[in-house]
Amino acid sequence: KGHPSTELLGQFGAWDPTIVLDSTIFPYHSVGHLTAGCTATLVGPRIIISAAHCFYNTVTNQWYPEQSFCPGTNNNDFVYGCFALDRWEISREYVDHTSYRPDYDFAVAVLQQSAGLSYWGVKSAAGSLSPVTMIGYPCNPPGYSGCLNMFQQQGCTLIQQTLTSWEHQCDSMGGHSGSSMLDVQCDTETCGYYARGIHSGGVANLYNLAAMITDDMLSLTNAYRTSYP
């Protein structure tokens, strides 16, 4: 895949995402702008997840230059500043595969220092098609300019595409790449916020694609959480 800011529009009827009014509260402050032109989500004190194509361009076979993660960014305001990345990892299958597969479009990265913010959980998506929320940074959405405004869309339906990827109809634009598919699970006292997938792109105005969080992705993320607290 080429540069994430050039992703095709995946809009279904009217533009449904709404602007996030206060990005300094949880779960929004855990979502951030990735300076390659993507969205990423904080899932540990120093750990973020996003899409592999936000780090590696399979058209040019090159890594993007050093990046930073800017949590809670909204209304063109870097609320908490930006945090440089220390290291990142994507799968060999993503780099080597001869054609694009959303299944492999997953990346985990480490911040050089803790963002000092609360963060989401991560869960395997196997066997679940319950609706999700997508939060991210579309470029030039209706009524706004630039890629630094946080939008969300709730109740996005999921359709199984392969064993490890979904089709979904959350409206998207370039900049949404890497957005986590949020699942909120509540009991009588508390709610848990979990990433269950990663938005990767799609076919313009037909459907969007997301990589499901697999057991292997979950294990990799947890290993990074343990190694880089």
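The torsion about the S-S bond of C70 and C82 is about 105 degrees, so this disulfide is right-handed. C70 lies in strand β7 (residues 68-71), whereas C82 belongs to the loop between β7 and β8 (83-90), so the bond ties together parts that are 12 residues apart in sequence. The model in which this is seen is a predicted one, and in it the S to S distance of the C70 and C82 pair comes to 2.1 Å.

A search of the whole structure finds 5 disulfides, and when the bonded cysteines of the chain are numbered in sequence order, the pairing reads 1-2, 3-4, 5-6, 7-8, 9-10. Three of these bonds, including the one already described, are set out here.

| Disulfide | S to S distance | Torsion about S-S |
|---|---|---|
| C70 to C82 | 2.1 Å | about 105 degrees |
| C139 to C147 | 2.0 Å | about 115 degrees |
| C156 to C170 | 1.7 Å | about 100 degrees |

The torsion of the C139 and C147 bond makes that disulfide right-handed. Here C139 is buried, with a relative accessible area of 12%, and C147, at 25% relative accessibility, counts as partly exposed.

The disulfide of C156 and C170 is likewise right-handed, given its torsion of about 100 degrees. This pair links distant parts of the chain, with C156 in strand β12 (residues 151-156) and C170 in the loop between β14 (165-168) and β15 (180-186), 14 residues apart. Both C156 and C170 are buried.

Backbone geometry is the next topic. Most residues other than glycine have a negative phi, and most peptide bonds are trans. Against that background, a cis peptide bond joins F26 and P27, with omega of about 10 degrees, and P27 is found in the loop between β1 (18-19) and β2 (31-34).

Which loop holds N76? N76 is placed in the loop between β7 and β8, and although N76 is not a glycine, its phi is positive, at about 60 degrees. With 46% relative accessibility, N76 counts as partly exposed. N140 also has a positive phi, near 55 degrees, in a residue other than glycine. N140 sits in the loop between β11 (132-136) and β12, and with a relative accessible area of 48% N140 is partly exposed.

As for the overall fold, the secondary structure of the chain comes to 2 helices and 17 strands. For 229 residues, a compact globule would have a radius of gyration near 17 Å, and the 16 Å of this chain agrees with that expectation. Taken along the principal axes, the box filled by the C-alpha atoms is roughly 40 × 40 × 40 Å. Among contacts between residues at least 6 apart in sequence, 70% join residues at least 24 apart, and 52% of the 229 residues count as buried.

The surface and the charges complete the account. The chain exposes about 9700 Å², of which carbon and sulfur atoms supply 51%. There are 8 positive and 18 negative side chains, and the centres of the two sets lie 6 Å apart.

Terms used: Residues are numbered from 1 along each chain as its sequence is written. This is a predicted model: local features need pLDDT of at least 70, side-chain atom pairs count only at pLDDT 80 or more; totals for chains, interfaces and linings use all residues. Side-chain values use heavy atoms; hydrogens and water are left out. Helices (H or I, at least four residues) and strands (E, at least two) are DSSP runs, numbered from the N terminus. The radius of gyration is taken over C-alpha atoms; the globule rule is 2.2 Å times the number of residues to the power 0.38. Buried means under 20% relative accessible area, exposed over 50%, partly exposed in between (1.4 Å probe, protein chains only). Contact means heavy atoms within 4.5 Å. Accessible areas come from the Shrake-Rupley method with a 1.4 Å probe; for residues, only the protein chains shown count as cover. Lys and Arg count as positive and Asp and Glu as negative; His and the chain ends are not counted. The place of a charge is taken as NZ of Lys, CZ of Arg, CG of Asp or CD of Glu. A disulfide is a pair of cysteine sulfur atoms within 2.5 Å.
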